[in-house]
Amino acid sequence: MEKMGAPNDPDSTDKAAPSQKEPLPPPPPPLVTGVPVVALPPSLDYVPWSTDLCDCFSDLERCCISFWCPCVTFGQISEIVDRGASSCGLNGAIYFLIAWLTGCACCYSFFYRLKMRKQYRIDGNAAEDFLLHCLCESCALTQEYRELQNRGFNPSLGWFENAERQNNGVAMAPMPPVAPVVEDGMKR
């Protein structure tokens, strides 16, 4: 009679457990869906910033606004990055309060730089972003503002105005017909 023991018991001779020397079965073939899959070349995965960090003087007006009142530039950037989920005024006010109370508003704007880089697949890393915002907040904000401009946004208009301008003259695709919702059972 064979002993049935714990899996790690060397005296156990359990026949139900597979031998560790048996080869694993081959993986199943991939499912064919009829939809072609196109992978982007690795070189197109991440792109550099469209302007350098120290190009802030190419837009002197924005550079001055970012230096003297960064809450305005940050609010405009954050509304576009959030795609209208938050307002320029609210984020600018939060930035101002953090700067006034703690002096660490760069930590708040740093998270938006991370979010922007992720959305637009821009080269960089979190440590570099944090240092940029801590050491040269106005240059970092001006670079982000210019990046949005180069991507077709006018951050000073806000998200909804930009969306309206991009959709102006473009007919929306008609929605497919939707079946009515039927509740369970009849009711009077």
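Predicted model: local features only at pLDDT ≥ 70, side-chain atom pairs only at ≥ 80, totals over all residues.
Where is the place of Arg113? Arg113 is in helix 4.

Residues are numbered from 1 along each chain as its sequence is written, and side-chain values use heavy atoms, with hydrogens and water left out.

First, the overall picture. The protein has seven helices and zero strands. From the N terminus, the order reads α-α-α-α-α-α-α. Helices here are DSSP runs of H or I with at least four residues, strands are runs of E with at least two, and both are numbered from the N terminus. The protein has 188 residues, and 29% of them count as buried. Buried means under 20% relative accessible area, exposed means over 50%, and partly exposed is in between, with a 1.4 Å probe and protein chains only.

Contacts next. A contact means heavy atoms within 4.5 Å. Take contacts with a separation of 6 or more: residues 24 or more positions apart account for 58% of them.

Back to Arg113. Buried or exposed? Arg113 counts as buried, because its relative accessibility is 1%. What does Arg113 touch? Leave out residues up to four places away in sequence, and the partners are Trp49, Asp129, Leu132, His133, Ala140, Gln143 and Glu144.

Three of those names, Ala140, Gln143 and Glu144, are among the buried residues of helix 6. So let's look at that helix. Helix 6 covers residues 137–150, and its 14 residues should span 20 Å at 1.5 Å a residue. The expected span is 1.5 Å times one less than the number of residues. The end C-alpha atoms are 20 Å apart, which agrees. Helix 6 is mostly covered, with 12 of its 14 residues buried. Those buried residues pack against helix 1 (60–68), helix 2 (70–81), helix 3 (88–101), helix 4 (105–120) and helix 5 (126–135). Just after helix 6 comes Gly152, with a positive phi of about 95 degrees.

On to the nonpolar core. In soluble globular proteins, nonpolar side chains tend to be buried together. A nonpolar core here is a set of buried Ala, Val, Leu, Ile, Met, Phe, Trp, Tyr and Cys residues joined through side-chain atoms within 4.5 Å. The largest one has 17 residues. Which members touch the most other members? Phe74, Ile77, Tyr95, Met116, Tyr120 and Leu148 do. Helix 2, helix 4 and helix 6 each give two or more residues to this core. Tyr120 touches Val47, Leu148, Arg151 and Phe153, again not counting residues up to four places away in sequence.

Aromatics now. The structure holds eight aromatic pairs. Rings of Phe, Tyr and Trp (its six-membered ring) pair if their centres lie within 6.5 Å; planes under 30 degrees apart are stacked, over 60 edge-to-face, and the rest tilted. Trp68 is exposed, because its relative accessible area is 69%. Another is Phe110 with Phe130, also edge-to-face, at 5.3 Å and 85 degrees. This pair links distant parts of the chain: Phe110 is in helix 4, Phe130 in helix 5, 20 residues apart. Phe110 is buried at 9% relative accessible area, while Phe130 is partly exposed at 33%. Phe74, Tyr95, Tyr108 and Tyr112 form one aromatic cluster.

Last, the other arginines. A charge sits over a ring if NZ of Lys or CZ of Arg is within 6 Å of the ring centre and within 35 degrees of the ring normal. Arg62 lies over the face of Tyr145, at 3.9 Å from the ring centre. Arg121 lies over the face of Tyr46, at 4.6 Å. Arg121 is in the loop between helix 4 and helix 5, and is partly exposed at 36% relative accessible area. Its phi is positive, near 50 degrees, in a residue other than glycine. Arg83 is not a glycine either, yet has a positive phi of about 55 degrees. Arg83 is in the loop between helix 2 and helix 3, and is partly exposed at 47%.
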